[in-house]
Amino acid sequence: MTLQTESTANLGEASLPDLNRQMLVILDFGSQYSELIARRIRETEVYSEVLSYRTTAEQLKQLNPKGIIFSGGPNSVYDNGAPHCDPAIWELGIPVLGVCYGMQLMVQQLGGQVERAERGEYGKADLFIDDPTDLLTNVEDATTMWMSHGDSVTRLPEGFEVLAHTHNTPCAAVADHTRKLYGVQFHPEVVHSKGGIALIRNFVYHICECQPTWTTEAFVEDAIREVRARVGDKRVLLALSGGVDSSTLAFLLHQAIGDQLTCMFIDQGFMRKDEPERLVKLFAEQFHIPVIHVKARDRFLAQVEGVTDPEVKRKRIGHEFIRVFEEESKRLGPFDYLAQGTLYPDVIESADTNVDPKTGERVAVKIKSHHNVGGLPKDLQFKLIEPLRKLFKDEVRKVGRSIGLPEEIVRRQPFPGPGLAIRIIGEITKERLEILRNADFVVRDEIAKQGMYHDFWQAFAVLLPVRSVGVMGDQRTYAYPIVLRLVSSEDGMTADWSRVPYDLLETISNRIVNEVEGVNRVVYDITSKPPGTIEWE
């Protein structure tokens with residue numbers, strides 16, 4: 001696995017990593033791929049964390065990272081208001097790798113020159129290596145790297161030399177070996193960069209001299225210890241959804257504090273077909289972890305009645321979740337802590353990261369509010385405990401396996417907290433919920449029958465709030481369309497639409513139109529992420 005731990009496992013409160021552990025820091029300059037860099041570092045079994053580009057040299061000294069990576073970003077270094085780093089970072093003596101904009105910023109701040117290129121370079125490019133040592137050890141000459149830039153370095157700072165070039169970019173990789181400052185104009189973190197992983201491993205192991213200490217076993221041991229230390233003899237209420245995140249958290253907390261844990265499943269009416277009943281039975285009978293089943297469909301539906309804005313949906317559902325937990329906890333007795341299966345991508349995508357407090361301008365834009373992050377009310381009555389908050393989805397799966405979570409849950413496809421509520425575009429009604437619930441069942445049932453369930457990161461249906469004309473049984477129909485969304489991904493941060501057999505699409509379409517009342521048309525979404533997202537809302 002690709003884990004390490006923090007001194008408090010980031011249990012919902014700000015904390016510093018254990019300084020006896022090794023870590024790399026990614027300073028985010030607005031790239032939507034900053035977290036992907038963090039993922040790649042963790043794949044080397046070294047802990048990494050994304051921080052704002054405004055992080056000062058003094059703050060970095062307190063974190064004591066073994067290395068720093070500057071992300072890419074949408075700006076030119078010469079733009080008005082372009083993000084710059086604390087110049088004192090260059091004097092820390094810590095190795096730095098600048099990626100794309102990060103490289104250009106390094107060159108500019110250290111006395112070099114960056115200019116608008118005569119030709120931009122986007123997509124695949126062959127990288128020709130001039131110095132096959134150090135950063136580019138074991139990276140093949142003429143290997144493919146992924147470019148995305150309009151500016152180029154035209155003069156290097158004193159002490160720097162060229163490591164590699166492309167046909168259009170003379171300074172595609174540069175280095176000051178003495179100061180351990182490196183820059184690449186391409187994106188080694190993306191899968192299209194064939195030598196990217198080798199380059200990252202060189203930086204992590206050879207240049208930063210890290211050891212692979214971020215392991216599943218270390219995380220579990222430290223998380224359990226920190227939960228026990230923080231909770232003491234207090235009671236914890238867990239928001240259980242049945243997905244891999246909250247289920248892994250339930251197993252982890254049950255190992256840590258046993259009967260001090262109470263799991264509560266809120267049936268908000270937005271779950272998939274038959275899931276609430278199956279979940280409660282599975283945990284009680286097979287896992288021997290009692291679950292309190294709260295049926296609250298009507299009150300959640302009332303909260304989103306007439307709402308069409310997806311952000312408002314998420315936040316109202318998040319608020320109602322907390323209110324239900326507060327009410328039920330008072331009925332059951334006092335609880336000091338609310339546990340949630342929040343993950344690192346939830347935090348990153350929900351955060352208004354890199355916001356200028358004076359101007360309000362953002363470098364990295366909030367993608368969406370996750371119901372358990374952006375939707376939490378300010379007057380929350382619980383203390384939050386979120387041991388998985390720094391983990392990516394694949395890391396959670398590895399933790400789940402290590403503590404005995406069954407494969408049927410470990411490999412369960414991700415399902416959003418607001419459930420079907422954000423797979424109905426526009427207003428939510430009981431009729432639309434029933435239509436989507438039945439259509440979604442057909443999708444999951446058919447791919448399971450074909451033995452293809454685990455071929456997809458996610459496979460689901462979306463209901464559009466429009467009607468179109470159709471003909472069924474020689475009669476005119478005016479019904480809803482269903483959108484099929486089947487995607488492949490490694491971690492959910494990027495995704496591609498799945499090239500599925502036409503026969504499968506035909507079978508799913510025929511079943512939905514014939515079995516689900518209110519649908520007369522099925523379409524297939526062939527949009528990747530980016531530019532789209534996996535979910536529609």
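Trainee: In which sense do strand β10 and strand β13 pair, and over how many bridges?

Mentor: In this predicted model, β10 (residues 236-239) and β13 (residues 337-339) pair in the parallel sense, over three bridges. Within that pairing, valine 236 stands opposite tyrosine 337 of β13. The two strands belong to an open sheet of five, in the order β12-β11-β10-β13-β14, with parallel pairing. Its edges are β12 (291-295) and β14 (383-385), each of which pairs on one side only. Direction ignored, neighbouring strands of the sheet are turned against each other by 30° on average.

Helix α9 (residues 310-332) lies across β10, β11, β12 and β13, and runs at about 130° to β11.

The largest nonpolar core has 119 residues, of which Phe70, Phe283, Ile482 and Ile512 touch the most other members. Helix α6 (residues 244-257) gives the most to this core, with eight residues. Apart from this core lies another, of 39 residues, including Ala38, Met147, Val190 and Phe203. As for Phe70 in the largest core, leaving aside residues up to four places away in sequence, the contacts of phenylalanine 70 include Leu27, Phe29, Cys85, Ile89, Trp90 and Leu105.

How values were computed
Residues numbered from 1 in each chain as written. Predicted model: local features only at pLDDT ≥ 70, side-chain atom pairs only at ≥ 80, totals over all residues. Heavy atoms only, no water. Core = buried A, V, L, I, M, F, W, Y, C linked by side-chain atoms within 4.5 Å. Buried < 20%, exposed > 50% of the residue type's maximum accessible area, 1.4 Å probe, protein only. Helix = DSSP H or I, 4+ residues; strand = E, 2+ residues; numbered from the N terminus. Contact = heavy atoms within 4.5 Å. Pairing = 2+ DSSP bridges. Axes fitted to C-alpha atoms, helices over the stretch in contact; angles between N-to-C directions.
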